[in-house]
Amino acid sequence: MNILGIETSCDETAVAVVTDDRKILSNLVLSQLKEHEEFGGVVPEIAARSHMAHLDRLVKSAMEEAGLDFGELDGVAATCGPGLIGGVMVGMMTGKAIAAAHDLPFIAVNHLEAHALTPRLTDTLDFPYLLLLVSGGHSQILVVEDVGQYYLLGTTLDDAAGECFDKSAKLMGLPYPGGPYMEKFASECMDTKAACERFDLPRPMKGRKGCDFSFSGLKTAVRVYVDKLPEGALQREDIVALAYSFQQSVTDVMTDRCENAIHYFLTHQGKNATSPTLVVSGGVAANATIRAGLKNLAERHRMNFIAPPVPLCSDNGAMIAWTGIERLRRDMTDSLDIAARPRWPLDPEAQTRRTA
Ligand code: KG4
Ligand code: ZN
């Protein structure tokens, strides 16, 4: 089975072809970074226009690289939400047009589900598993019970983890998206103890019951420290120390929140699982320190740990195509009248958080 996957929900135009025996035949990602750079974040109208300008060519290249004609596809999957609605519409309409023209099933993919199922593309992983999903727009802990079945254990009450990385990096004068820059500078830190003493950042929600996150206080604490430094551009050694302490704080919070989730998982859904597994996915899952902290936590609780290869953590078409395969196998296809959804929770039953 060959599926074409299209992703346009944020600032990456991405197209891939994936097979049901987990081969990625092509996986092309066109980043719009340069187009948004001067604005310090993603501008929705620019993103939508850029997806429109590049998507057709990218689909053609992905099909050529896969060595397939449209007639050899078994379905077309496109992100239909959540995300920036203009961009989502571009990818969704292109996907529907290809499906209609070649009489193929169409699969409307929830972008968050695609991050959640990516580890099943790259590793052997059975349901249920415990997932930390951390990206630019979301920070959630979920039990992945099956395709389309999620139980939300925790979410952020304010900013997402990636958003906190990006906003803190911006305060420090680093380019967008700040996550990878923060990791790079943090890795240069030699005196880690001194860095954490000098920039003593909070661990919001650590030690509290439940699995919710809060990141806005951490960002504010970074701002307070930046304001205390001499005016003008920060010195490299200040950036290095602050980035290190920041990354440490985020890792601590994530492992603390996940530890509560592990206790829940192991006494409920996970108790019958032959190999209980903790999974991390989404753009922030590319961070090596966070991965190492979570791996260590999983091992302490005798759980397996899986994180997708770094290029499949951030937005890509392969995760959309793979979700298309998971759904098509279960006859979960969609009509061509399905609408794009700017919001699309994985667990619609979850109690709405007061401030989320
Ligand atoms: O999943 P993703 O590509 O897009 C969304 O669905 O949001 O995630 C993007 C986020 C950005 O906030 C980016 O700064 C963050 O992932 N990110 C990282 C790293 N690489 C990307 N955060 C921390 N460390 C990294 N190495
Ligand atoms: Zn994403």
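Modeller: Two strands are said to pair if DSSP finds at least two bridges between them. Please keep in mind that this is a predicted model.

Colleague: In which sense do E1 and strand E4 pair, parallel or antiparallel?

Modeller: One of the bridges links Ile6 to its partner Ala78 in E4. Across four bridges, E1 and E4, which spans residues 75-81, run together in a sense that is parallel.

Colleague: Which residue of E2 is the bridge partner of Leu4?

Modeller: E1 also pairs with E2 (residues 12-19), here in the antiparallel sense and over six bridges, and the two strands form a hairpin with four residues between them. Within E2, the partner that Leu4 meets is Val17.

Colleague: How many residues of strand E1 are buried?

Modeller: Side chains in a regular strand alternate between the two faces of the sheet. In E1, Asn2, Leu4 and Ile6 point one way while Ile3, Gly5 and Glu7 point the other way, and all are buried. Strand E1, residues 2-7, is therefore mostly covered, given that buried means under 20% relative accessible area, and the number of its residues that are buried is six of six.

Colleague: How much of the area that ligand 1 exposes when taken alone does the protein bury?

Modeller: A nitrogen atom of ligand 1 is 3.1 Å from an N or O atom in the side chain of Asn287, and an oxygen atom of the ligand lies 3.2 Å from a polar backbone atom of Gly162. Taken alone, ligand 1 exposes 560 Å², and the share of this that the protein buries is 88%.

Methods: Residues numbered from 1 in each chain as written. Chains lettered and ligands numbered in written order. Predicted model: local features only at pLDDT ≥ 70, side-chain atom pairs only at ≥ 80, totals over all residues. Heavy atoms only, no water. Buried < 20%, exposed > 50% of the residue type's maximum accessible area, 1.4 Å probe, protein only. Polar contact = N/O pair within 3.5 Å; in protein donor to acceptor, adjacent residues only side chain to side chain. Areas by Shrake-Rupley, 256 points an atom, 1.4 Å probe, with all protein chains shown as cover.
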